[in-house]
Amino acid sequence: MSLNYDSALEIYEPTLGLEVHVELNTNSKMFCGCATEFGAQPNTQTCPVCLGLPGSLPVVNKRAIESTILIGLALNCSIAPFSRFARKNYFYPDMPKNFQTSQYDEPICVNGSLDVEIETDEGNKVFKVEIERVHMEEDTGKSLHVGGSTGRIHGADYSLLDYNRAGIPLVEIVTKIVPNTGKYAPLVARGYVAALRDILRSLKVSDVKMEQGSLRCDVNLSLSKRGSGVLGTRSETKNVNSLRSVERAVTGEIVRQANRLQSGEKVVQETRHFLEESGQTRPGRSKEQAEDYRYFPEPDLVPVAPDGKWIEELRKSLPEKPAERRKRLQQAWAVPDKEMRAMVNAELLDTVEQTVLLGADPTRARSWWLGEISRIANERSVLPTDLITVSDVAQIIELITKGELTDKLARQVVEGVIAKEGTPSQVIAKRSLKVVSDDSQLMKAIAEAIAAAPETAQKVRDGNIPAAGALIGAVMKLTGGQADAARVRQLLLKHLGQ
Amino acid sequence: MAAISRDEVANLARLARISMSDAELDHLAGEMDVILGAVARVQEVAGADVPPTSHPLAVSNVTRDDVVTPSLTPEQALSGAPASSEQRFKVPKILGEE
């Protein structure tokens, strides 16, 4: 009988380890001045250094070092007073130099931690994930496998290499083993990557776009029999490229390993690939017989030895921690937990904050971004901010607050701006979307509505206030939604002696 | 006792993708042993007050500003490649059939 997730966890305790690779958003590469533009034509961003041509010499990008130190500081790491680069030697065409310049036994940041808060049935729980190291290295080129049926490396006839990405600064963040997460292992893994991504975004050191590969996660997982205290053999699932996939990869590996162990087989220490469609993993390429990278200190680069002054300057520039910022904004805007989570999950916190900073009411800013604009964005599979700018939204909200637009009219303005009809004021002018604020015009509509429904009007005269709703609706219709409903109500009730 | 065995030299050659005849291995194992022996003697001389070094110059923090400089054109980049296609370097099949 095969084990499902719950029964697997009754017998086995998972242990996690997470390796995250982050492409830094520097303008130039790690060791040369080539540009780092995403999506450029193949091999247009290469030079003798990143192609590994003989005689070329690397020089470290200062901003890459500073970004890495910032990451270390934000993760509560110690910054090493002395660190070095090493050559990791391997033959694989994704690195034209035949080695990757990386940090090995002397990384720049060590021993940090990150608190990961997850929502569970038993309330919110915080897991402290300890960080082993943060080190600098460089990204590899992109391979295109040609031939075979799958576009995969297996069965390919030959491969084509684009070295634009080779040499882009990459930071690797490695956790210590994360024990005792139990059934929450998938959520902790996901929560860790999400919290890390928030921090990296707040530091402005990376685009952190998982779908474009600027943030990639490798998930190490092993199981041990409950109570045995013996760590099991781990598998490493590579390049898991969304938060949801991180969670699914951990769940999938727990079930797969538990079933292997349960049927008396062994877990093989291997690299596995995550399959997006099924949530399963498959074995990856067989590595060179035992990894022997023959690391040695990179003779072409001198050590990085940040002094206390440099580190303190960087520490001073650290932004507010994302978790603290969230608490502060939630309080300032008086947002309930659930709405706050919705805003964070929709990744609209920054956008709402920017809108509020332009003077918009927080509640309105939140409800426009998460409501109407998100709805249209979802329909078109784009980001809300691709549709309309923060300043346009702030302007529209200001008009609502001033009573110059009703919600209904504002929706039309938003529609118009999204349809590229112009700025909010241009759309308002073109579509004549002004609130009818002229009382005499409203009174005309009210008289018309009453004439059309004299019985309803009588009910209101007799004290049945809720009956006025139908008349207000009729007036709104008559004015094409361009009246302020509150003002209509006021005028109508007064007119009917209420 | 040799500092490096013939088998170790053969393994290094394999890792470095250098094909070597038996005669070359015999010859190189001997030569490398002499080199390693010399380095070992230097290590004996270095006392506790001499820190390990990876670089002959006592400098650190040599960096460049994050400024983009012109790259090669794709034609230049690919000019030395044995084969290219679709503006990319073309390399033989990476993995053998499993």
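Colleague: Why is A:Ile254 counted as buried?

Modeller: A residue is buried if 20 or more other C-beta atoms, placed from the backbone, lie within 10 Å of its own, exposed if 12 or fewer, and partly exposed in between. A:Ile254 has 24 C-beta neighbours inside 10 Å, so A:Ile254 counts as buried. Bear in mind that this is a predicted model, where local features need pLDDT of at least 70 and side-chain atom pairs count only at pLDDT 80 or more, while totals for chains, interfaces and linings use all residues. Residues are numbered from 1 along each chain as its sequence is written, and chains are lettered from A, with ligands numbered from 1, in the order in which they are written.

Colleague: Where is A:Ile254 found, and what is A:Ile254 in contact with beyond its neighbours within four places in sequence?

Modeller: A:Ile254 is found in helix α4 (residues 243-262) of chain A; helices (H or I, at least four residues) and strands (E, at least two) are DSSP runs, numbered from the N terminus. Contact means that C-beta atoms, placed from the backbone, lie within 7 Å. Leaving aside those sequence neighbours, the contacts of A:Ile254 include A:Tyr5, A:Pro14 and A:Leu221.

Colleague: What makes a set of residues a nonpolar core?

Modeller: The members are buried Ala, Val, Leu, Ile, Met, Phe, Trp, Tyr and Cys residues joined through C-beta atoms within 7 Å. Here the largest such core has 83 residues, and A:Val188, A:Ala189 and A:Tyr192 have the most contacts inside it. Helix α3 (residues 185-203) of chain A gives the largest share of this core, 10 residues. A second, separate core has 42 residues, among them A:Val393 and A:Leu492.

Colleague: How do you know that β9 of chain A and β3(B) pair?

Modeller: Two strands pair if DSSP finds at least two bridges between them. Strand β9 (residues 158-162) of chain A and β3(B) have 4 bridges, in the antiparallel sense, so by that definition they pair. Within this pairing, A:Leu161 stands opposite B:Phe89.

Colleague: What makes β8 of chain A and β2 of chain B edge strands?

Modeller: The open sheet of 4 strands runs in the order β8(A)-β9(A)-β3(B)-β2(B), with antiparallel pairing. Both β8 (142-146) of chain A and β2 (84-85) of chain B are edge strands, as each pairs on one side only.

Colleague: And how many residues of chain B are in contact with chain A?

Modeller: There are 33 residues of chain B in contact with 43 residues of chain A. On the side of chain B that touches chain A, β3(B) supplies the largest share, 5 residues.

Notes:
Contact = placed C-beta atoms within 7 Å.
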